[in-house]
Amino acid sequence: MIERYTLDEMGYIWSQENKFKTWLQVEIAACKANHQLGIIPEKSLEIIEKKANFSIKRIKEIEEEIQHDVIAFLTSVAEYVGPESRFIHLGMTSSDLLDTALALLMKQAGELVLKKLNNLSKILKRRSIEFKNTIMMGRTHGVFAEPITFGLKLFVWYEEIKRSINRIKNAIDTISVGKISGAVGTYAHLNPKLEALVCKNLGLKPATVSTQILQRDRHAELMCSLAILAASLEKFATEIRNLQRTEIHEVEEPFKKGQKGSSAMPHKKNPIICERIAGLARLIRTNAFASIENITLWHERDISHSSVERVIIPDNFILTDYILEKFTKIIDNLKVYPENMLKNIERANGLIFSQPLMLTLVKKGMTREEAYKIVQTEAMKSWNNNKHLINYIKENEKIKNILSDKEIEECFNINN
C-alpha cells in the first residue's frame, strides 16, 4: 500500500523487517520444540538462539539468484549461525514457515483493528447518548419520512460496529492456527508433537488437519470480515456526506483551521475524508473477493494464492486500519446542527404527520383504506402547493365530522 494510506503501527506489522522477524520466530520455536523432543542438542540450540539473525539486503541478493524467498532467508540465517544451522528448518517445508508466520501476522494485525474498533464503539455510544433527544428528520428513499433522533442514528451504527467486533474476533480465532506437518501435511519427516509444541510457544492452535498448506477459507473469513466492516464505515460516511449537503446541512465532518476545500472556490467545505473512506472501502471489498478466489487450489497445494496474498492481505489490513482511524476522528469531532434539523422538519409542512393522522381516523372507526385515501389526497395538495397539511385537514368535511380541531392538532404534535 502507498505511504499516503499507511499508518505507522499497522505499516510496521506488514514491513519486510517484521515479516522476516516473524519467520525467524517460527524457526526458533521449531528448534526449541525439536530440543524438547531430543533432536537438537542443548548446546546447538544455545548457538542458534544467540546467533540467529538475517540481512534483508542479503536475502534479496540470494533470492535474485535462486528465485526462492524462503531458501534465501534460510541461507542468510545460516550465514549468521554457522554449522549449527543444519538444525534449522529440519524436516519442514516452506509452507510450514510461511503459513504459520502469516497466521501470526494476521492475528497481530487483527488485534490492532479490534483495539481501534473498541475505541470507535465507545465514542459512538457516547455521542449517541449526547444526541438521544436531538430530533431530526428520518428519511426513506431519500425522502422525508417521520422524525427520529440523531442519537438513534448513531446508536444503530454503534450496534453495527459491535457486530463487526464479534465477526473479526471469530475470524481472528479461525486464522490463529499453525501448521508444521511437512510436505503434503503427512508428518512423514516430523513428529506431530513438534507442531503442538511450536504452536503453543507461538500462541496458536495446531491445525486439526492440513495439506501442505493451511486451507484458505480461514484467510478469506478474516478478509471478508474486514470487507463487511469497510462496507459499514462507507455506509456511515455516505450518510454524513448526504447530511452535509448544502440544502440539508445537519452535520459536518471536521474542517481544520487553515484547511482549504477547493482550488477554485474559497467557500467550499467538502466531506473529503468521508469520500476517501467510501473510495478505499471499495478496494477492501475487491480484495476480499480475491481472497475467496484463493480458496480453490490444485490438489494438496499450488502457489496461485501466494502472489495474490502478498498484495491483498497487507493492503486490506492497512486500508482498514486507515479508514477506521479516520472515521473515529470524524465521529469524535463531528459538527452537529440541531437548529438545521428542526428547520428541515418544518420544511415538511406537516406531511410527516400523515401516519398518526391516518391511525387516529382508524381508531375513530374509519376503515384503513378510506383513511389512507383521504389523508393521501390532502397530503398531495400540501405537497404540490407547498402549504401546511393541517390547513387542508381542517377543511376536509369527512375528517371534521370525526375529529375535533384539538384532536387534529394533537396528531401534528411532534412530541407525540
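Where is Ile2 found relative to helix 1? Ile2 is found in the segment before helix 1, which spans 8–13; helices here are DSSP runs of H or I with at least four residues, numbered from the N terminus.

1. This is a predicted model, in which local features need pLDDT of at least 70 and side-chain atom pairs count only at pLDDT 80 or more, while totals for chains, interfaces and linings use all residues. Residues are numbered from 1 along each chain as its sequence is written, and side-chain values use heavy atoms, with hydrogens and water left out.

2. The structure holds 0 disulfides, a disulfide being a pair of cysteine sulfur atoms within 2.5 Å. Cys31 is in no disulfide, and the nearest cysteine sulfur, that of Cys199, is 15 Å away. Cys31 counts as buried because its relative accessibility is 1%, where buried means under 20% relative accessible area, exposed over 50%, and partly exposed in between (1.4 Å probe, protein chains only).

3. The structure holds 27 salt bridges, each being a side-chain nitrogen of Lys or Arg within 4 Å of a carboxyl oxygen of Asp or Glu. In one of them, Lys116 and Asp321 meet at 2.7 Å, N to O; Lys116 lies in helix 6 (residues 94–130) and Asp321 in helix 11 (residues 304–333), so the pair ties together parts that are 205 residues apart in sequence. Lys116 is buried at 16% relative accessibility, and Asp321 is buried at 1%. Lys116 and Asp321 are also linked with Glu325 and Lys329 in a network of salt bridges.

4. Arg245 forms a salt bridge with Glu247, with the closest N and O atoms 3.0 Å apart. Arg245 is partly exposed at 37% relative accessible area, and Glu247 is partly exposed at 49% relative accessibility.

How values were computed: Helices (H or I, at least four residues) and strands (E, at least two) are DSSP runs, numbered from the N terminus.
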